[in-house]
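Student: I have a structure open and would like to learn how to read it. Could you walk me through the features?
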Amino acid sequence: MITRRSLLAGSALAVLFGASGSAGAQTGSLPWRNWSGRLLAHPAGRFAPATESELIDWIRSSSGPMRPVGAGHSFTPLVPTDGHLLVLDRMNGLIDHDPATLQASFGAGTRLSSLGPALEAVGQGPLILPDIDRQTLAGAISTGTHGTGLDLHSLSGNVTGLRMVTAAGDALSITEASDPDLFRAACVSVGALGILTEIRLQNRTAYRLKARNWAAPIDEVLENFETSAASHRHFEMFPLTHSDYALVLAIDETDEPIDNPPLSPEEEAAFGEAMRAWMDIPPGDRRPLINGLAEQIEPSVTIDASYRILSNVRSNRFNEMEYAVPREVGAECVREVLDTIARENIDVVFPLEYRYVRGDDLWLSMDEGGDRAAISVHRTADQDYRPLFDAVEPIFWKYGGRPHWGKVHSLGHSELTRLYPKFEAFRAIRAELDPQGRLLNDHLKKLFGV
Ligand SMILES: Cc1cc2nc3c(=O)[nH]c(=O)nc-3n(C[C@H](O)[C@H](O)[C@H](O)COP(=O)(O)OP(=O)(O)OC[C@H]3O[C@@H](n4cnc5c(N)ncnc54)[C@H](O)[C@@H]3O)c2cc1C
């Protein structure tokens with residue numbers, strides 16, 4: 001049986017994409033690599049503080065470049081440095097929580113996978129999570145990491161307070177009330193303002209979700225997207241390139257009992273066999289085969305604790321480009337991306353991802369100023385992503401897209417200034433907090449025109 005879950009599952013994709021193995025273990029002070037394996041750095045050393053005061057002492061007694069690193073799941077060179085990497089892994093876990101406001105504070109190095117269980121133990125649940133949960137909380141909010149939902153902000157939009165140590169070694173407690181400008185700058189800051197040590201999140205009561213997956217014609221899903229997004233807590237689609245079909249995912253709250261069995265070996269094997277045939281033929285001839293396959297996909301339903309439904313596993317390495325365009329032009333933009341891939345015969349089999357994120361007022365949030373449609377294209381890590389990304393990036397620009405900070409893009413300071421009304425204000429705060437530029441690397445210099 002072929003299901004959308006099996007399509008996205010690790011082993012089926014390994015068959016489908018001939019995916020590479022692991023990016024390689026990193027030990028001691030060996031070179032650093034990001035998750036996809038494309039980015040490599042040779043840091044002078046790593047420092048992993050257990051407490052904020054250890055971090056302050058280290059910063060005050062050291063000199064030279066430094067970059068905070070999370071789980072290395074960004075595809076852009078935000079982290080690489082030949083100075084020191086600051087690893088917050090030891091500053092993790094629930095610090096405190098408030099049953100009245102349903103807020104909770106976590107160490108900045110907390111993995112997203114630990115949030116759900118820790119919150120559940122105190123009767124809370126995360127409002128949103130992204131597709132996977134291996135990232136650190138600080139890394140995720142620093143790039144504006146999001147899930148989907150017409151009424152749901154990115155993770156950064158649910159931050160209510162932060163603690164941050166500046167490049168001068170000063171510890172700041174930041175809330176909207178204490179310093180609205182710094183708060184709006186620090187909630188999405190690509191690690192350019194300081195080292196986050198603690199993050200407070202707005203949550204809700206613990207809850208259970210029911211996910212339904214099926215395949216449907218892309219045109220039909222896009223035509224009804226607004227209504228579908230309004231009638232489900234989460235609604236998104238994964239258009240299959242060189243086909244007329246998309247995999248569709250709708251998630252809603254439920255009280256029904258947990259039903260979330262692991263994928264059966266039969267499910268995975270059936271899909272793998274079908275896909276092998278698909279990969280053997282040129283992209284231009286694939287449409288009938290993929291359409292036929294999509295029509296066979298059995299709808300599936302899973303029910304579990306919210307955090308187990310919201311995030312999945314992506315065990316095969318890839319590189320990704322994602323732009324957030326104004327919601328009202330999202331359908332037109334994703335159609336043009338799909339048409340371009342088909343017309344230019346680009347040999348990509350990885351599905352796109354199309355989802356809505358609620359607007360916010362955070363200065364460097366992709367969703368600043370209004371709701372956005374996030375559109376992603378992927379290429380397996382062992383393939384050259386340039387033919388695909390070079391062909392689609394200008395389409396995103398045409399529709400006023402803003403790039404995800406953690407995903408491949410080619411923009412620099414002048415374009416970003418035009419895309420973000422508060423970009424210059426952010427630059428001013430950055431220069432004030434880090435006048436020596438200890439937190440800059442080559443990529444950040446390009447972003448901020450330093
Ligand atoms: C398989 C996969 C699936 C993904 N799915 C989604 C998705 O559904 N939605 C989405 O929006 N994104 C998604 N992403 C992107 C990912 O969430 C972001 O790139 C995120 O920033 C990665 O977090 P990280 O902990 O790995 O941080 P890193 O990549 O290590 O760092 C990201 C940034 O955070 C900064 N940083 C890290 N720690 C700190 C700190 N303590 N203080 C200050 N700055 C810090 C770094 O300097 C850097 O600028 C996905 C990525 C992958 C690989």
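Tutor: Gladly. The protein chain is split into domain 1 (94–206) and domain 2 (208–403), with bounds that come from an automatic or database domain assignment. This is a predicted model, where local features need pLDDT of at least 70, side-chain atom pairs count only at pLDDT 80 or more, and totals for chains, interfaces and linings use all residues. Residues are numbered from 1 along each chain as its sequence is written, and side-chain values use heavy atoms, with hydrogens and water left out.

Student: What distance separates the centres of domain 1 and domain 2?

Tutor: Taken over C-alpha atoms, the centres lie 26 Å apart. As for contact (heavy atoms within 4.5 Å), 32 residues of domain 1 touch 32 residues of domain 2.

Student: How do I read the area that the two domains bury?

Tutor: The size of an interface is often given as the accessible area lost when the parts come together. Buried area here is what two parts lose on being put together, with a 1.4 Å probe and summed over both. Domain 1 and domain 2 bury about 2900 Å² between them, and 53% of that is on carbon and sulfur atoms. On the domain 1 side, Asp131, Thr148 and Leu150 supply 26% of the area buried against domain 2, more than any other three residues.

Student: Which side chains meet in a salt bridge with Asp131?

Tutor: Side chains of opposite charge can pair when their charged atoms come close. The rule asks for a side-chain nitrogen of Lys or Arg within 4 Å of a carboxyl oxygen of Asp or Glu. Asp131 forms a salt bridge with Arg355, at 3.3 Å from N to O. Across the interface of domain 1 and domain 2, the rule finds 3 salt bridges.

Student: How many salt bridges does a search of the whole structure find?

Tutor: That search finds 24.
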